Amino acid sequence: MMAADTLAGGILSRFAFPPAAADGLGSIAIDATQLNMSVTDPTAWATAMNNLGMVPVGLPGQQLVSDSICVPGFDPGLNMMTGITPINPMIPGLGLVPPPPPTEVAVVKEIIHCKSCTLFPQNPNLPPPSTRERPPGCKTVFVGGLPENATEEIIQEVFEQCGDITAIRKSKKNFCHIRFAEEFMVDKAIYLSGYRMRLGSSTDKKDSGRLHVDFAQARDDFYEWECKQRMRAREERHRRKLEEDRLRPPSPPPIMHYSEHEAALLAEKLKDDSKFSEAITVLLSWIERGEVNRRSANHFYSMVQSANSHVRRLMNEKATHEQEMEEAKENFKNALTGILTQFEQIVAVFNASTRQKAWDHFSKAQRKNIDIWRKHSEELRNAQSEQLMGIRREEEMEMSDDENCDSPTKKMRVDESALAAQAYALKEENDSLRWQLDAYRNEVELLKQEKEQLFRTEENLTKDQQVQFLQQTMQGMQQQLLTIQEELNNKKSELEQAKEEQSHTQALLKVLQEQLKGTKELVETNGHSHEDTNEINVLTVALVNQDRENNTEKRSQGLKSEKEALLIGIISTFLHVHPFGANIEYLWSYMQQLDSKISANEIEMLLMRLPRMFKQEFTGVGATLEKRWKLCAFEGIKTT
């Protein structure tokens with residue numbers, strides 16, 4: 001009776017662990033929910049024994065509980081009629097060997113019967129057998145304390161209940177190594193540590209031994225574990241990479257290479273507001289790459305012009321957004337004013353409630369609540385009022401003198417600014433069209449040159465000879481012009497010499513006038529006749545008149561105003577810095593920065609009026625012939 005109770009208790013203790021029981025319940029036609037029961041419950045114990053077809057020792061043929069509690073349709077006497085032996089929970093097919101239980105639960109181990117041997121549990125009062133630290137990926141166990149007569153078949157029969165065995169390495173001594181297919185099977189094998197193994201019913205020492213099952217460190221297990229770890233690391237890296245790729249912002253599209261077709265498409269995109277940002281990036285990349293050359297400069301100029309046309313659109317958008325912001329500010333200020341008005345009304349209600357006429361009719365608690373509400377409303381009212389006053393102060397600080405003017409003047413200024421903006425826009429368009437025309441002319445010239453290079457024949461060669469002949473004739477004409485210019489310069493020098501002689505004669509006249517004055521004084525003192533004095537007066541008057549005429553001529557040839565003197569000083573400084581001279585267009589562009597109203601003709605006339613300070617020379621040959629003005633004032637000083 002005690003042996004049957006121990007066996008039944010061991011069987012039911014195994015049913016109390018669902019993970020281990022799930023391995024063997026696949027071959028039993030019983031619902032798993034009916035086997036999950038407590039060991040201490042006698043009703044559950046009797047039900048399980050009856051369902052398994054086991055009759056406890058001492059109660060032959062007698063059911064412990066009624067049929068209503070047992071599995072429906074199960075006959076416990078079936079084994080008696082068919083000759084089927086009672087079900088052994090340690091049959092290898094069932095695999096009912098449980099894993100090691102938690103340490104806090106005291107589990108009583110039972111006797112395990114096998115075909116060739118029997119396993120007896122150790123004394124429960126003894127401490128559990130010790131084990132070493134589990135190596136990573138351990139699938140191999142060390143089994144020591146085997147009987148001397150134990151064969152490999154007996155070992156496999158005992159331990160194959162724990163799971164699939166891949167290899168058994170038995171030593172000549174009383175130990176072996178068993179390698180399982182999975183890691184969790186090792187835990188089931190460790191459960192058998194401490195059992196005493198007896199072969200058959202023999203009492204010989206060689207047929208019995210105490211089993212010691214422990215974790216074994218095998219290179220194959222560690223290698224497989226490392227492979228799994230590396231595979232998991234690869235999967236983790238792949239998963240992280242996919243996550244990073246998913247979270248990474250998209251890369252910018254590749255920039256295509258420059259061509260005339262792509263430039264035409266990009267020009268159309270630049271005109272479209274929705275595609276402008278993408279197109280301007282491509283244009284910037286092309287310019288930074290150095291795609292601009294003499295042939296493609298016109299295309300790039302038109303694209304830059306298209307980009308510049310978006311400036312007005314952006315300014316209009318900014319103006320609309322600013323207007324919306326002002327409208328939002330105004331709406332916010334109006335809403336805040338309405339909220340402040342309602343706060344004032346609420347505070348007025350609280351103040352009216354605190355007066356003597358209504359205050360006496362409220363209870364003490366109501367008065368306290370009304371007082372708290374009134375203070376809170378006043379604080380909020382004051383905060384809203386300060387915020388509104390701050391907004392008004394900011395508006396007053398932002399106001400300028402232009403905003404204080406009347407509306408008609410504002411309207412006139414707005415109209416003037418609009419007209420100025422339109423005039424500036426028209427000027428820009430005119431300039432752009434002019435530059436486009438120049439660009440097209442350059443393109444035509446380039447095409448002509450290319451056409452001449454591609455289709456040059458013997459006639460073209462003769463034309464080249466004619467051109468060379470014409471160039472030679474032009475050079476001869478230039479030499480003639482140079483000779484004529486030298487003659488002109490000589491005549492100018494002769495004219496200057498004549499002027500110098502005239503000045504010399506004027507000086508002589510002055511000397512004669514002084515001598516006449518002296519002779520007149522001598523005559524008066526010596527007392528000559530009245531006729532001689534009249535002749536002397538006539539001569540002096542004529543000389544004085546001639547002197548006055550010469551002075552007026554000098555004044556007419558001199559400078560007319562202070563502005564001309566200033567211009568002569570600036571031009572002299574500019575030409576002194578440029579010793580090789582400068583053409584009239586270059587000189588006019590420099591002077592226009594100082595005085596925008598001055599013209600090139602005025603500068604040229606001023607230079608021609610002063611031949612001793614400025615002279616004109618011709619440089620270059622043929623198409624490169626150019627007129628240059630030089631400063632010659634220092635040469636004139638040396639000659640004088």
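Contact here means heavy atoms within 4.5 Å. By that criterion, arginine 374 touches Phe350, Asn351 and Thr354, not counting residues up to four places away in sequence. The model is predicted, so local features need pLDDT of at least 70 and side-chain atom pairs count only at pLDDT 80 or more, while totals for chains, interfaces and linings use all residues. Residues are numbered from 1 along each chain as its sequence is written, and side-chain values use heavy atoms, with hydrogens and water left out.

- Arginine 374 is found in helix H12 (residues 364-398); helices are DSSP runs of H or I with at least four residues, numbered from the N terminus.
- Arginine 374 has 18% relative accessibility and therefore counts as buried; buried means under 20% relative accessible area, exposed over 50% and partly exposed in between, with a 1.4 Å probe and protein chains only.
- Alanine 297 lies in helix H10 and, at 31% relative accessibility, counts as partly exposed.
- The C-alpha atoms of alanine 297 and alanine 439 are separated by 8.3 Å, although the two residues are 142 residues apart along the chain.

**Aromatic pairs**

- The whole structure contains 7 aromatic pairs. Rings of Phe, Tyr and Trp (its six-membered ring) pair if their centres lie within 6.5 Å; planes under 30 degrees apart count as stacked, over 60 as edge-to-face and the rest as tilted.
- Tyrosine 258 and tryptophan 286 form an edge-to-face pair, because their ring centres are 5.3 Å apart and their planes are at 85°.
- This pair links distant parts of the chain, 28 residues apart: tyrosine 258 is in the loop between helix H7 (219-247) and helix H8 (260-271), and tryptophan 286 is in helix H9 (residues 276-289).
- Both tyrosine 258 and tryptophan 286 are buried.
- Phenylalanine 574 and tyrosine 586 are also edge-to-face, because their ring centres are 5.4 Å apart and their planes are at 70°.
- Phenylalanine 574 belongs to helix H17 (residues 562-577) and tyrosine 586 to helix H18 (residues 584-594), so the pair links distant parts of the chain, 12 residues apart.
- Phenylalanine 574 counts as buried at 7% relative accessibility, whereas tyrosine 586 counts as partly exposed at 41%.
- One aromatic cluster is formed by Tyr258, Trp286 and Phe300.

**Charges over rings**

- The charged end of lysine 109 sits over the ring of tyrosine 191, 5.0 Å from its centre; the criterion is NZ of Lys or CZ of Arg within 6 Å of the ring centre and within 35 degrees of the ring normal.
- The charged end of arginine 313 sits over the ring of phenylalanine 276, at 5.9 Å from its centre.

**Helix packing**

- H17 and helix H19 (residues 600-608) pack at about 85°, with axes 11 Å apart; axes are lines fitted to C-alpha atoms, for helices over the stretch in contact, and angles run from 0 to 180 degrees between N-to-C directions.
- H17 is therefore roughly perpendicular to H19; angles under 35 degrees count as roughly parallel, over 145 as roughly antiparallel, 65 to 115 as roughly perpendicular and the rest as oblique.
- Glu564, Leu567, Ile568 and Ile571 of H17 make the contact with Ile603, Leu606 and Leu607 of H19.
- The residues of the contact of H17 with H19 are 6 nonpolar, no polar and 1 charged, where Ala, Val, Leu, Ile, Met, Phe, Trp, Tyr, Cys and Pro count as nonpolar, Asp, Glu, Lys and Arg as charged, and the others, Gly among them, as polar.
- The axes of H8 and helix H10 (residues 297-353) come within 9 Å and cross at roughly 10°, and H8 and H10 are therefore roughly parallel to each other.
- Ala263, Leu266, Ala267, Leu270 and Lys271 in H8 meet Met303, Ser306 and His310 in H10; by class, this contact has 5 nonpolar, 2 polar and 1 charged residues.

Conventions. Helix = DSSP H or I, 4+ residues; strand = E, 2+ residues; numbered from the N terminus.
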